[in-house]
Amino acid sequence: MLFRSHNLGFQLSYAAVLALRHLSTPLDHTMAKCWPARWLVPHRITAPLRAVRVAFSASLAAWMVSTPIVLFAFGSISPWCAVASTALGPLAALLTVIASLVVVIGWLPCVGAFLGAVLWLLGRAFLWGVCWVGTWPWCAVMRSEEHTSELQSPCNLVCRLLLE
């Protein structure tokens, strides 16, 4: 079999997909209940805010499920991941679209040079955003060494952290 359940990539991928499928909508509904029922703000402003809330609930769901796996495998987590992925996600999507255009029509001299320059600028902006998030306090939280010998799976880690 090409992929096995003990493969870290398999665990992270399927955990994130399951979280997006089964947790993001309940999280969005919970966050929607926390918002005021009627804002005295025009719909053209509240609609983008709802889109940000939906994107944040998806990021938060994926973060909640993947965090125990990442903590067990690498010994550190980033509490700011959900916020950073919500903020940088649209830029990453735009980078992906432009990179795909470069692959398809980049052979045209003027178009390729223009798209390459745009891709470079957006890539620099994305890397600046990632580096900026890396300067936030509590950017990386490390697992203490006293727990590492007793841990055998991410589930044990979560149970131990919750029970202490």
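## Exercises on a predicted helical model

H4 and H5 pack with their axes 10 Å apart, at an angle of about 160°. This is a predicted model, in which local features need pLDDT of at least 70, side-chain atom pairs count only at pLDDT 80 or more, and totals for chains, interfaces and linings use all residues. Numbering starts from 1 along each chain as its sequence is written, and side-chain values use heavy atoms, with hydrogens and water left out.

**Exercise 1. Describe the nonpolar surface patch and the place of Val111 in it.**

Step 1. List the members: Val97, Leu101, Val103, Val104, Ile105, Trp107 and Val111. Together they make about 680 Å². Patch residues have over 30% relative accessible area and no salt bridge, and nonpolar side chains are joined within 5 Å. Areas come from the Shrake-Rupley method with a 1.4 Å probe.

Step 2. Find the main contributor. Helix H4 (residues 81–105) gives the most, with five residues. Helices are DSSP runs (H or I) of at least four residues, and strands (E) of at least two.

Step 3. The scale: buried is under 20%, exposed over 50%, partly exposed in between.

**Exercise 2. Which side chains meet in a salt bridge, and what do they link?**

Step 1. Search the whole structure: one salt bridge is found. The test is a side-chain nitrogen of Lys or Arg within 4 Å of a carboxyl oxygen of Asp or Glu.

Step 2. Name the pair. The side chains of Asp28 and Arg53 meet at 2.6 Å, N to O. Asp28 sits in helix H2 (residues 24–34) and Arg53 in helix H3, so the pair ties together parts 25 residues apart in sequence.

Step 3. Asp28 and Arg53 are both buried.

Step 4. Compare Arg50, in helix H3 (residues 43–74). At 45% relative accessibility, Arg50 is partly exposed.

Conventions. Buried < 20%, exposed > 50% of the residue type's maximum accessible area, 1.4 Å probe, protein only. Patch = residues over 30% accessible without salt bridge, like charges linked within 9 Å, V, L, I, M, F, W, Y side chains within 5 Å. Axes fitted to C-alpha atoms, helices over the stretch in contact; angles between N-to-C directions.
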